[in-house]
Structure formats: C-alpha cells, structure tokens
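Me: I have just started learning to read protein structures, and I would like a close look at how the parts of this one sit against each other. Could you take me through it in one go, starting with the domains?

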Amino acid sequence: MSTAAAQLPFGALRRSRAGSALGKGVLGAYLSVLVLLPISALLANAGKGGLSTFWQEVSSPEAVAALKLTLIVSAIVVAINAVTGTLIAWVLVRDEFPGKRALNAMIDLPFALPTVVAGVVLLALYGKGGPTGIDVTFTRAAVGLALLFVTLPFVVRSVQPVLLELDRASEEAAGSLGAGSTTVFRRIVLPALTPAILSGVALSFARAVGEFGSVVLISGNLPFKTEVGSVYIFNQVENDNVSAAAAVSVVLLLCALVVLGGMTWLANARSKHVN
Amino acid sequence: MSTSEASTMAAGGHVAGRREDRRSGRSSARSDERAANARRLALRFAALSYLLALLGAPVAMIFYRTFEHGLTPVWNAVTQPNAMHAFWLSIELVAIVVPLNTVFGIGMALWIERGRSRGRALLGLLLDVPFAISPVVVGLALLLVYGRAGWLGDWLTSNGIQVIFSIPGMVLATAFVSLPFVARETIPVLHELGTDAEQAAATLGASAWQTFGKVTLPAIRWGVVYGVVLTTARALGEFGAVSIVSGRLEGQTQTLPLYVQDRFENFDTTGAYAAAVVLALLAFATLLGMNLLAKRTKRDTVV
C-alpha cells in the first residue's frame, strides 16, 4: 500500500487521503451514535452511585436469583451443545444418507428464525395441549429448551470445517495398529476438534446468557423461578428502575465477554499446542 | 498419552492381531465392517433424533397447527389491519437498516483490512459487541442516551425530535444488533483477495473510488451479499431491543415479531401462529439464499 502510494501522482494521493479521512469521520460518527455513546451511557449509569450502590443493585435477591439461573442453565446448555454439536457435525461430515444436504441447510434455521417465533414454535409442540403430552410451560426446563434451540448451530458450524479438513491418514494408521474406534476418536480426533468445540461453546454461552426473545413466552418469567437475567432487566426497565437494570446489564455483559475472551484464548492456546 | 496407556493399546493390538490370524481373515473383516456400520447408524440415529425433537418436529407442528383449519382463517388473520401494519413496519425497518449497515459494514471491513491507523483494534472489538450483548441491554443503552431522561433527552425534546417510541429509535436498535454481519463476511474475502490488484490499479492512475468500484467491489461482492442476507434476517426478527425502544404501540410501533408476542399473550393463537408462519417462511427464504450464495462464493474462490 505504501509503495503504491509513493508512486501515485501527488494530487491523487492528497485527494484519496482526504477521501479516506472523510470516510473514517462519517463511519466514526455512525459508530458513536449507534454503539459507543449508548454503551458509555450504560456504564456511566451503572457506576453512577459508586461501587456500593452497584453492589446493592446487583445483590438484590431477585437479581441474584435471575443471574444464577441464567449462568447455571447456560452452562448446562453449552455442555449439551458441546456433545450434540460435535455429534451432528460428525454425522454431517462422515456419514452419507439421502437428504443430508437439506439437513445441513436446516442447521442454520435457528439463526434465521426470529427468536420470538422460536419460542412460539417450541410451545406449539411442548406447551399446554401439545400432542406429546409434555408441558414445559413456565418451568426451568423450558428456559433450557429455548436456549438449546437458539444456540444449536454454533458448535456444529465451528466443528464442521475442522472435521472436513482433518487428515484421515492418522486415524487409519491408529486403526491399523489396533486402536479401537473409541480410542481413535478420543486420542486423535477429539484433540484436533477441541479448539473448534471451545470456540463454538464460547459463542453459544455468550448468546445464551443474553437471550431474550425465545425465553420470554415459554418461561412465564416467574421471579425466583424462571426469570432469567435479560427478562429481569426488561422488567426493571418497564418499572422505571433503570439503575438496577443497568447494573445487572453490566454483569451480564461482563460474563459474556469474559467467557468469550477466555474461551477464545484457550482455543488459540490449544490449537497452537496441537500444531 | 501416558506410556502405560500406550503400551496397553499396543498390547491390545497384538492380542487382536493374533486372534485375527487364528480366524479366517474374511469373516473377521466382515464383522469389523458390520460393527463399523452399526456404529455409524447409531450415531446417525442419535443426531437425527435430536434434530427432529428440537428443530424438525416443533417447526412442522406450527405449520400443521396454522393450516389445520384451511387457508381462510390464516388469510383473515394475516390481513388484519394491525398485522398488515406490523408487517410493513418490519419491512420499512429492513429497508432503512440494511442499506445503512451494508455501506458502513463495507467501510469497516476496508478500514480493518486495508487501514493503517490505530483505530483498527478498537473497531474489531466494536464488531464483537453486538454478539456479546443482550438485545434487551441494547434497548436499555439506547434509552439512556436518547430517552427523555437520557443524555441527549433535553436537547432532543427542545428540538422536537422523538427517537424513543418512534421509528428513529427502532432503526437504531435494529442497526445495532445487525451491525457486524456485512463486515464479518467481507473481512475474510478482502484478506484473501490481497492488495496486488488494487495496487496495480492505483499505479496505473485509477483514483481510490475507481479502484474500489472496478477492482475491489466486484471481487468481494458475494461476501457482501452473504452479509446482507444475514443482516436482513437479523433485522427482520429483532425482538428484545425493539421491544424496549418502541413502546409496543399496537398499529403504530409494533413490528411483526412484537405482533406475534402480543397475539400470543392475548390468547389469539390463530393470529400468533399465522404471523409466526409468515416470519418462518421468510426465514426459510433466507436459508435458501444463504445456501445458493455459499455455493456461489465457493465457485468464485475455486475458479
């Protein structure tokens, strides 16, 4: 880029620099109005009364119950995703059966489907009067079910490309040396997939912790029972209790960022280790 | 692998090898194959059952429930004034937000991939924020700036500008949550592309705009379009952020996802299911578009 710039006629260079400065200015203004200013206002509001006020808001019994439920259910959901996501990716890559391509396309449905529709869809089958006889409405299981639905694609889509690229020679070598298929999977395939599984898990967790639309209809939002963090924030905003909402928002955001950052770091460390 | 495990594995291999010698080779190979086949079928069955229970059956169920009494009630539910208004409001938001985020998404991708300034790291971080933040928190954050008691509340009121509980606020909320998609899909394509062709064009006297329009944009177009499809889907379905910012006024600031919730909570399942099915059909169209484009981009990179 710099060598090309050196060869440009002087006028053109000055014009392109001015153009790029203008572009950056407009882009910066857009991002400020849209993201930077609101996030700053959120942090400022959460920190307005100092640490003790922040702590008071966050440690109110209802907030603690909501945060605890969110973190525990999200952890269970991503653990399930790690297993089922890897399984689905495996079947999609290593197995052949009619309809596989259509199935592969369907995996992204939870990303394309509006979250509130996801909630309605799950209630149609697993709600009151559904044909299965199962009724999860207003239970914690319903929260887990909604989160499993919306986070389904993350692990599948991060494991799939790695599995496609994986060299099968070492698996075959291990197999011919007498290793059983479980041993081959545990010793050869799984270590290669771990970074991808971890990054899928991190994205799932970040999504699960903040999920709102799919949970709001199915969980009933009962305080101390099925009220998750995002619903607690929503209710506080509706009741004009903005400082409590802001404080819990910051906690949720931190949880998501820490897990996202930590898992990404771990995944990078693992992939370096494997290489 | 610990040495003891390695040696037991090797020993197991020896034992199996000896046993195989004793048996006729062909039947053992056949039983191995049978075991592998059974395993493959078991895994396939497990994966398909999980997907059917979580994804396939619920989606099929809502289509069945919607159309079980024929098309007429569905048509009546969908053509109600409030439903129509919600539908067109959602389309309006998409029509404003998607072009905005496409232009700025390409701009951000160029800045991150081609820029030299220090803002790039911060920009990359900003692109991750919408993925890590709850939509409800997005709505709250916008409220704290543009609401009546927010940072800019007094200034906006005195100038007669209403952001919250009207279209501008809903545009901001929708644009925030769908911000990263175009940039995220364009960055890897730009990276892959390299700067050789752009430098050649610049050396030959093309202006920055000419280089962008004739060299860069045609090369990244499918990445951009893929990002546009994802942005559209996200913008159309946005619920939490818009729910806070819009005030959910029936027939005024109620988008189609908000309409689904409203109908459902008022025990009008016919209306809720019909609107949900409209959104689901749009989601299927998105999936179809994504798959056609995925093939397209693959073909482009291979050739």
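**Domains, chains and helices**

Reply: In chain A, the C-alpha centres of domain 1 and domain 2 lie 35 Å apart. Keep in mind as we go that this is a predicted model. To find the two domains on your screen, look for residues 2-47 of chain A, which form domain 1, and residues 51-274, which form domain 2. Where they meet, five residues of domain 1 of chain A are in contact with seven residues of domain 2 of chain A. On the domain 1 side of that meeting place, three residues are nonpolar, two are polar and none is charged.

Now stay in chain A and pick out two helices: helix 4, which covers residues 61-94, and helix 8, which covers residues 140-165. Their axes are 6 Å apart, and the helices pack at an angle of about 40°. Because of that angle, helix 4 of chain A counts as oblique to helix 8 of chain A. The crossing of helix 4 of chain A with helix 8 of chain A is right-handed.

Chain B places 73 residues in contact with 68 residues of chain A. On the chain B side, the biggest contribution comes from helix 2 of chain B (residues 25-67), which gives 16 residues. Sorted by type, the chain B residues that touch chain A comprise 53 nonpolar, 15 polar and five charged.

Finally, here is a helix pair inside chain B that you can follow residue by residue. Helix 6 of chain B spans residues 135-146 and helix 8 of chain B spans residues 167-177; their axes come within 10 Å and cross at roughly 135°. That angle is why helix 6 of chain B is described as oblique to helix 8 of chain B. Helix 6 of chain B also passes helix 8 of chain B in a right-handed crossing. From helix 6 of chain B, the contact uses B:Pro135, B:Val138, B:Gly139, B:Leu142 and B:Tyr146. Facing them from helix 8 of chain B are B:Gly169, B:Leu172, B:Ala173, B:Phe176 and B:Val177. In this contact between helix 6 and helix 8 of chain B, eight residues are nonpolar, two are polar and none is charged.

How values were computed
Residues numbered from 1 in each chain as written. Chains lettered and ligands numbered in written order. Predicted model: local features only at pLDDT ≥ 70, side-chain atom pairs only at ≥ 80, totals over all residues. Axes fitted to C-alpha atoms, helices over the stretch in contact; angles between N-to-C directions. Helix = DSSP H or I, 4+ residues; strand = E, 2+ residues; numbered from the N terminus. Parallel < 35°, antiparallel > 145°, perpendicular 65-115°, else oblique. Left-handed = near helix turned anticlockwise from the far one by under 90°. Domains from an automatic or database assignment. Contact = placed C-beta atoms within 7 Å. Nonpolar A, V, L, I, M, F, W, Y, C, P; charged D, E, K, R; others polar.
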